[in-house]
Amino acid sequence: MQPIPESRKISPFLVFFLIHAIQVGAGVLGFQRIIAKNAGYDGWISVILAGITTHILMMIMYLLLDKGGGDLVSAHRIAFGKWLGKAADFLFVLYFTLLVVTILRTYIEVVQVWMYPRLSTFYFALAFMILAYYIVSGGVRNIAGVAFFGTVLPSYLLLTFAFTFPFSDFRNILPVFDHSLKDMLIATKNMSLTFLGYESILLLYPFIKNAKKSQKHAQWGLFTTTTVYVIIAIISFAFFSEKQLAKTVWATLSMWKIVEMPFVERFEYIGIANWCLVILPNVCIALWCASRIMKRITPINQRHSIWILSVIVIGTLSFLTNRKQVDMLNTLSGEIGFYLNYVYIPILLLVVIIMKKVRKKV
Amino acid sequence: MRKRISNLILILLLLTGCVEREILDDLNIETAKGYDLVEENTIRGTALFPVYIKDGAIENRTLSAEAPSTREVLETLSRKSQQPLVRGSLDVVLLGDDMAKKGVLDVADSLQRDASIGARVTLAIAEGSAEDILKGNYGIRGNGTFISNLINHNIKRRELPETNLHMFLFDYFQDGKTPYLPIIKKVSDDTLEVSGVALFDKDKMVDTVPADDLFFFKLLVDKLSEGSHVVKLGKKDGDAEEHVEAAVTSIMSKHKIKVENETDPVKVSFKIVIRGIIKEYTGKRLSQKKIKEIEDKMSKDITDHSLKLLGRFQEKGIDPVGIGQLQKHGVRGFDIKEWEKTLYPNAQFEIKPDVEILESGTVE
């Protein structure tokens, strides 16, 4: 790997925004129903449990980066050699591309259901990807800027949930621990899908100044995400009765239906439009990760690979037309992400450690 | 680089107008809607929309259509409408009482499903026909606004318990609670009146609370409530017919419900705290002794009426107070079937009123 020039690196505290921004995406709009399905109104405990696992995984990833030569591609190379390593890299290209497709398609679905039923998926995706291309081709510093604004600007939206308080009954979450441990663990697994995205650190790492000291910021990013999710989960549990929540696909958006302000009748419209800002860094970071791996394993110029990936994304998006497909897409990328993070990464760390020892002896 | 940016701008210009435009003047914006049952399987839907006339006045227009289901009513209505009917600023949905007895979940579901409809929509039951009410002419701001204001100020300041679409659905889906909605009645062509509260079993109306009992009903179901109650004391001196009356307005009141779930039968105690002021008094002199008497009488009224109401709920198998819901929060592994079948019908109630009159106005 060529060393990254200092001028293209980012300050370590920006890792906080990068990690937080890619975690919070379209999933926040409707994760409540998924966790309540198994764990009922004990689901908020599962959110905390899933949050804790992300902290452990982040530690594992930093260890992997430390031992594995600075990023995912070099770790693969140490573990599997040149060609097999490239094959493993390519899997991650597919995964990050799938993430882009999932995030964008889910958001477009929300816009179609809540605002404009006749919005064309293709044209919206085209406009969005052009913007994403423009940002990503500017490099990591640009993306970090977008992640910063994508976190700070829409953060006021959290305050709007206070409108639900007069209609909320926080006793809904009582009694605590009314579900079996097994149910709570299933919910924890389902919740961990909503947390995905922080594995992008595996590629961002070489671009961070004082990279080794940045773990603190990454952990804070994870912690903030968990806190936000727990707050939203508890507020929605208080606002909806259990069977009502089971019927609500986008509980977070449905809560905005109760917001009433003198100058705006339907707050969801403002909320959803603002959510575009939350989605943007998501798409940019995932797209950048995919193109970065492409750059490392092929001779293709990174700008060109962004182009190619964008075209693939737009093409795939247009084929997904209904709720069922979008749901399937979400489950698919969630499952893949889960196994990559929770199974593959720890194994990879082990293999890297073993291979390093083996080579030393040889 | 400059060329690239100008290309980008060009493309963005081409992208405008992706989505259809909707111009306010070319739409019929529904502000209220009514559903009535005309025959066994025919629903009559009425849509009310305001038409704004040049000098600033508002004309109420209605369209009605009949169809077997609520969804078909919508379609038939659109066929009759000159301009597209949109539901984005719907304020009120009225349901005729026949319709309410048959079940209202279909209507509530279609309202909830539509992303353009807010959760604060006022649902109410029309005594008689909803169409009849919507066809009147009330106030100068249009019927939709009139009805929603009528109900909302009664919720905020008077004896009507708080309800809206969201709360109705919350109660409907919550185990151990049944929903309730206000009833309005047409008095004359330009007057409406809140005449009580309809009680539901699941989504079917099974009972009503008359306007006189609303003060007590609200004390039971709402966390905080206001409202007023007329206390009848002993006979006036030297008058065989007339009672001495005192109108007490509650300025602050709250309730605390405690369910003792270990006992058999289940004991439920209501602590009701009221801080009130006397607005009217028909007797001679309002002494401290008299005030004490009023407080005691009011406490007795609250106990009597509340117990009567609660007994009626048990009899009908409904639970607008949400005692089952409280029980659910208190015990692990709550079994709703057992609760509804054996525990709730045998539950014993105890009312502990705490009434205090703070002021009695500017004269003694």
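Predicted model: local features only at pLDDT ≥ 70, side-chain atom pairs only at ≥ 80, totals over all residues.
Residues are numbered from 1 along each chain as its sequence is written, while chains are lettered from A and ligands numbered from 1 in the order in which they are written.

**View 1. Two parallel neighbours in chain B.** Strand E2 (residues 32-39) and strand E6 (residues 92-96) of chain B pair in the parallel sense over 4 bridges. Strands, like helices, are DSSP runs numbered from the N terminus (H or I, at least four residues, for helices; E, at least two, for strands). Two strands pair if DSSP finds at least two bridges between them.

**View 2. The whole sheet of chain B.** An open sheet with mixed pairing is formed by 8 strands, in the order E4-E3-E2-E6-E7-E8-E9-E10. E4 and strand E10 (204-210) of chain B stand at the edges with a single partner strand each, so one side of each has no neighbour in the sheet. From one strand to the next, the twist averages 30°.

**View 3. A hairpin in chain B.** Strand E3 (residues 42-52) and strand E4 (residues 58-67) of chain B pair in the antiparallel sense over 10 bridges. Look for B:Ile43, opposite B:Ala67 in E4(B). The hairpin has 5 residues between E3(B) and E4(B), and B:Gly56 in the turn has a positive phi of about 100°.

**View 4. Two helices packing in chain A.** Helix H3 (residues 43-67) and helix H8 (residues 181-195) of chain A pack at an angle of about 60°, with their axes 8 Å apart. Axes are lines fitted to C-alpha atoms, for helices over the stretch in contact, and angles run from 0 to 180 degrees between N-to-C directions. The residues of this contact divide into 8 nonpolar, 6 polar and no charged. Nonpolar means Ala, Val, Leu, Ile, Met, Phe, Trp, Tyr, Cys and Pro; charged means Asp, Glu, Lys and Arg; the others, Gly among them, count as polar.

**View 5. Where the chains meet.** The contact takes 24 residues from chain B and 23 residues from chain A; two residues are in contact if their C-beta atoms, placed from the backbone, lie within 7 Å. On the side of chain B that touches chain A, H7(B) gives the largest share, 5 residues.
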